[in-house]
Amino acid sequence: MWLTRPLSERSTLLFLAVLGVVMALVVACNLWLPRGHALHVSTYTVTLLGKYLCYALLAVAVDLVWGYLGILSLGHGAFFALGGYAMGMYLMRQIGDRGVYGDPQLPDFMVFLNWDSLPWYWQGFDMAWFAFLMVLLAPGLLALVFGFLAFRSRVTGVYLSIITQALTFALMLAFFRNEMGFGGNNGLTDFKELMGFDLTAHATRLGLFIASGVALALGYVLCRAIVVSKLGRVCIAVRDAEARTRFLGYRVERYQLFVFMVSAMLAGVAGALYVPQVGIINPSEFSPLFSIEIVVWVALGGRATLFGAVIGALVVNYAKSVFTGVMPEAWLFALGALFVLVTVMLPNGIAGLLRRRRGDAEQVTTSTTTTEAST
């Protein structure tokens, strides 16, 4: 089966093994080591690492369309935010009468704004299965409509990038409005529980971290399965020579639309796992700056590698946590400098550097073996 084909690859097995070992170590150091121990991982750190894993899944989704399809999307933050809002709406419905105003149906911000009844698009979000379905459908349908119009019109290159950025900016402005019914500039927050589990509980935080790691592993395998399949080969052909691929008889827009939708749904899953861990979702997640930052993660890690996108997301977000704690006003300058430095010195990203070193090591080994044989 094509979905299990990546499991026979050495690189995929290595990635899954490293991810599994790291997750196991984090869980072990959190549960079994006392708080005073030097290797103890606090619950706060577990939550922070869970957020990083969500970002890594988002980066993998972007790398799928940018690295293998040649679509530089500057609007994937919109899909991430839509998945987050779908999860946030479910979490808000779970509050019930425990809110500030004690209304069993209306969230607090609706009561504050004198809303009389729950809007129709909030119906069904009191059920977990419906909310989880919308986590996939909301970004997927947006990608379907947007991609159908864009790819059918053969919008490509920088023009497509600008349109995706305009899309996320328009959604940000819309969600800032109180009339939309999504909490305005404050967004959705003050969550209590997820499927009956207290969100502030230590076990729930650990469970969300594990769920984020599992989602990253499954998302990586899915993207890898697409890449190594015939579909992936066609995508690479479209990236490298779209006109020639059309001439050969392929319906390029269909391949673009399908992969774009898969990428959007993966971004939605990342957003849904992100929200209960950070405790809030607001329109700032639609910010075009955030979507550009995602592209920086992928560029730093290495395009068209998938695992490079994971590395880039982890490195940049860890650096962001450090810089914003020490010099918050200098973070954007540091990010810009990092992007320029990588573009000039590491055009293939960190993954390209690792591959080059591996190739040099193999070359040295081959040369040594040849010399010994000739001797």
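**View A. Lining of the largest pocket.** By class, 22 nonpolar, two polar and four charged residues form the lining of the largest pocket (Ala, Val, Leu, Ile, Met, Phe, Trp, Tyr, Cys and Pro count as nonpolar, Asp, Glu, Lys and Arg as charged, and the others, Gly among them, as polar). The model is predicted: local features need pLDDT of at least 70, side-chain atom pairs count only at pLDDT 80 or more, and totals for chains, interfaces and linings use all residues. Residues are numbered from 1 along each chain as its sequence is written, and side-chain values use heavy atoms, with hydrogens and water left out. The largest pocket holds about 840 Å³ of space. Leu-14, Phe-15, Val-18, Phe-307 and Ile-311 are the closest to its centre among the 28 lining residues. A pocket is an open set of points on a 1 Å grid over the protein atoms alone, where a 1.4 Å probe fits, with protein on both sides within 12 Å along at least five of seven lines; lining residues have an atom within 4 Å of a point. Its volume is the space filled by probe spheres set on the points, which are joined across faces, edges and corners. Helix 1 (10–31) is one of the helices that each supply at least two lining residues, and helix 1 gives the most, with nine.

**View B. Thr-12 in helix 1.** Thr-12 is found in helix 1 (helices are DSSP runs of H or I, at least four residues, and strands runs of E, at least two, numbered from the N terminus). Thr-12 has 0% relative accessibility and counts as buried (buried means under 20% relative accessible area, exposed over 50%, partly exposed in between, with a 1.4 Å probe and protein chains only). Its side chain reaches the backbone oxygen of Pro-6 at 3.4 Å.

View C. Trp-331, Leu-335 and Val-342 are buried in helix 13. Seen down the helix axis, the buried residues fall within an arc of 40°, so they line one face (the arc is that of the directions from the axis to the C-beta atoms). Phe-333, Val-344 and Met-345 are exposed on the other side of helix 13.

**View D. Two loop residues with positive phi.** Asn-114 has a phi near 65° and lies in the loop between helix 4 (108–112) and helix 5 (128–152). At 65% relative accessibility, Asn-114 is exposed. Asp-190 also has a phi near 65°, and its place is in the loop between strand 1 (188–189) and strand 2 (193–194). Asp-190 is partly exposed, at 36%.

Conventions. Polar contact = N/O pair within 3.5 Å; in protein donor to acceptor, adjacent residues only side chain to side chain.
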